[in-house]
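Here are my notes on this model, as numbered points. Please read them with the structure open.

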Amino acid sequence: TMETLLDYSCGTGSDGAPYDATETACSCVEGACVQASMTVASFLTSASGVTIVIGASAATEDNIAAIDLAGAYGWDVVTDATISDFTTQNTVAVGGPYANAASRAALGGEVWDYQPGQALFFLREYDAGGATLIISGSEARDTRNAVKLTINNPSSLAYAYGVEQVS
């Protein structure tokens, strides 16, 4: 679900309109337009030096999902307590903003408003050179099912921001 940012500027006068409106397709995070240069699918296949991050007190399902993801992609798993700056490295945050500091950092102050059975896939690229891919379900089992989708059909995640029905 891509959103559209409308940016207004003073009109040029040539068409008589008092303003010009420019539309930009993006994902809105903390009221700002977040655009990604790659999709979730391309991040999964081409990002280098990726580390899986789980919340230090994450649900068991999140831990199992992270282990499954590590087995499929060969990436290391660490807890969010071991990373002080998420903006300089490539991470996959398993679990949402309430359970995982990497997800919280990427989403900012956004409120979780997804329904049970749904999962969020969100790629946030940082100016410092790193990127965080959030894989999070509304409930712990939804997160695990989202990771299964990531492993079994990554090419279906051909966007930077999307919500999937996973159970």
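Predicted model: local features only at pLDDT ≥ 70, side-chain atom pairs only at ≥ 80, totals over all residues.

**Notes on strands, cores and ring pairs**

1. Strand 7 and strand 8 pair in the antiparallel sense, over seven bridges. The two strands form a hairpin, with five residues between them. Look at Gly129 in the turn: its phi is positive, about 110 degrees.

2. Strand 7 has another partner to check. Five bridges join strand 7 to strand 9, residues 161-165, and these two run antiparallel. In this pairing, Phe121 has Gly162 of strand 9 as its bridge partner.

3. Phe121 sits in strand 7. Its relative accessible area is 0%, so Phe121 counts as buried. Which residues does Phe121 touch, beyond those up to four places away in sequence? Among them are Val40, Ile134, Ile135, Ala146, Leu149 and Thr150. The list also includes Leu157, Tyr159, Ala160, Tyr161, Gly162 and Glu164. Phe121 and Tyr161 are 40 residues apart in sequence, yet their C-alpha atoms are 5.7 Å apart in space.

4. Next, the aromatic pairs. How many does the structure hold? There are three aromatic pairs. In one, the rings of Trp112 and Tyr114 have centres 4.7 Å apart and planes at 75 degrees; edge-to-face pairs have planes over 60 degrees apart, so this pair is edge-to-face. Trp112 is buried at 16% relative accessible area, and Tyr114 is buried at 18%.

5. Another pair links two strands. The ring centres of Phe122 and Tyr161 are 5.5 Å apart, with planes at 90 degrees, so this pair is also edge-to-face. Phe122 lies in strand 7 and Tyr161 in strand 9, so the pair ties together parts 39 residues apart in sequence. Both Phe122 and Tyr161 are buried.

6. Now the largest nonpolar core. It has 25 residues, and Val92 and Val94 touch the most other members. The elements giving two or more residues to this core are helix 1 (40-46), strand 4 (51-54), helix 2 (60-73), strand 6 (90-94), strand 7 (118-125), strand 8 (131-137) and helix 4 (140-152). Which element gives the most to this core? Helix 2 does, with four residues.

7. Not counting residues up to four places away in sequence, Val94 touches Ile52, Val53, Ile54, Asp62, Ala65, Ala66, Leu69, Asn100, Ile135, Thr143 and Val147. A second, separate core holds 14 residues, including Phe86, Ala93, Ala102 and Leu107.

8. Strand 4 pairs with strand 5, residues 76-79, in the parallel sense over four bridges. Here Ile54 has Thr79 of strand 5 as its bridge partner. The chain goes from strand 4 through helix 2 to strand 5, and this β-α-β crossover is right-handed.

9. Last, Asn90. Asn90 is in strand 6. Is Asn90 buried or exposed? Its relative accessibility is 16%; the cut-off for buried is under 20%, so Asn90 counts as buried. A polar atom of the Asn90 side chain lies 2.9 Å from the backbone oxygen of Ser48. Setting aside neighbours within four places in sequence, Asn90 is in contact with residues including Phe43, Ala47, Ser48, Gly49, Gly129 and Gly130. Gly129 is in the turn of the hairpin from the opening point.

Key:
Residues numbered from 1 in each chain as written. Heavy atoms only, no water. Core = buried A, V, L, I, M, F, W, Y, C linked by side-chain atoms within 4.5 Å. Buried < 20%, exposed > 50% of the residue type's maximum accessible area, 1.4 Å probe, protein only. Contact = heavy atoms within 4.5 Å. Polar contact = N/O pair within 3.5 Å; in protein donor to acceptor, adjacent residues only side chain to side chain. Pairing = 2+ DSSP bridges. Right-handed = clockwise from strand over helix to strand, strands pointing away. Phe/Tyr/Trp six-rings, centres within 6.5 Å; stacked < 30°, edge-to-face > 60°.
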